[in-house]
Amino acid sequence: MDALAGLLEGPRASGAFLLRIVLDPPWSIRVQDGSPLCLAVMLGGEAYVEPGHGEPVWLRPGDVAIVRGPDPYVMSDGTTAPPRVVVHPGQQCRTPEGVDLRERMALGVRTWGSDPDGSVQMLLGVYEEVGAVGQRLLDVLPPLLVVSEDTWDSTLIPVLAREAAEQGPAQGVMLDRLLDLLLIAVLRVWFDRPETEAPAWYQAYTHPVAGEALRLFHEDPAKDWTLTRVAAEVGVSRATLAECFRDAVGTPPMTYLTEWRLALAADLLRQSDATLNTVARQVGYGSGFALSSAFKRVYGISPQEHRGTAPAR
């Protein structure tokens, strides 16, 4: 597993909110749902996206935008008219005055808008939680990034659009996985652009020393790694490993491993009922006490307190 694959394991959709939106101008929607990540896929027409921070952009058919939350943003037809719809946490849609629009604008299976034949059509996929691992990925993304239709060719979009309109067995799981695949494809295209300042851990993947160390950490974080053992696996001296890894990734190798293990532990604590000792062994700590001490030092709360703050499902 490479570093990107490891980090993309974090924002994995599970019951993600996916909706086909169909509108006719004039329209304007303010999204203030607090979600950490949203994918907007233009199927037809155009949309103007104004992030809370950063430059606004136009989306055209085939374009995909990733909006990083939790700051509010506005999607519209480009006019200066104030938003007519406000999206609140839980994907509750209301007028600015607070009138519920859920039933009024429902147009069928996972379809919502003002006109079933509207000229503007888009898919909106919302990740309502990404976990500690996923947050490491979000931290390196801009508030808004766009991959335009003329820079890539993804067959995932028509498949996702078709499946979004279906209602069949395991449909939710199917949509979650398709949304994940689209996210991975878009991020890979975006990171590989020459003008993109890709994060150090992504660029380091191609480094013969640092990249191999990253793969070891991501493939088997529970192993009893030491600097000596990692250096032997990579086939270099301890000094060479430490220098190459620090230069390529920006942190010492064992510091990176500690941060990665604790992020994995943070997600495991919320995703399962496993005991602290079990979680500790899964991420490379000898006991629950050792994990608890490291966890509290980095996150400021105990593992039990962290587990208690998990959002209700």
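Tutor: Happy to! Helix α6 (residues 210-219) packs against helix α7 (residues 227-234) at an angle of about 120°, and their axes are 10 Å apart. (Helices are DSSP runs of H or I with at least four residues, strands runs of E with at least two, numbered from the N terminus; axes are lines fitted to C-alpha atoms over the stretch in contact, with angles from 0 to 180 degrees between N-to-C directions.) This is a predicted model, where local features need pLDDT of at least 70 and side-chain atom pairs 80 or more, while totals for chains, interfaces and linings use all residues. Residues are numbered from 1 along each chain as its sequence is written, and side-chain values use heavy atoms, without hydrogens or water.

The crossing of α6 past α7 is right-handed (the near helix is turned clockwise from the far one by less than a right angle). From α6, E212, A213, L216 and F217 make the contact, and α7 supplies V230, E233 and V234 (heavy atoms within 4.5 Å). Sorted by class, that contact of α6 with α7 has five nonpolar, no polar and two charged residues (Ala, Val, Leu, Ile, Met, Phe, Trp, Tyr, Cys and Pro are nonpolar; Asp, Glu, Lys and Arg charged; the others, Gly among them, polar).

The largest cavity holds about 140 Å³. Its lining has 16 residues, and I21, I29, V31, V87 and L124 are the closest to its centre. Strands β1 (17-23), β2 (28-31), β7 (73-76) and β12 (120-127) each give two or more residues to that lining, which divides into 14 nonpolar, one polar and one charged.

The second largest cavity has about 60 Å³, and its lining includes V31, G69, P70 and Y73. By class, this lining has seven nonpolar, three polar and two charged residues.

G69 and P70 are also joined by a cis peptide bond, with omega about 5°, and P70 sits in the loop between β6 (64-68) and β7. Another cis bond links P25 and P26, with omega about 0°; P26 is in the loop between β1 and β2. Finally, Q91, a residue other than glycine, has a positive phi near 60° and lies in the loop between β8 (85-88) and β9 (92-94).

Note on methods: On a 1 Å grid over the protein atoms alone, a cavity is a set of points where a 1.4 Å probe fits but cannot get out, and a pocket is an open set with protein on both sides within 12 Å along at least five of seven lines; lining residues have an atom within 4 Å of a point. Grid points are joined across faces, edges and corners, and a volume is the space filled by probe spheres set on the points.
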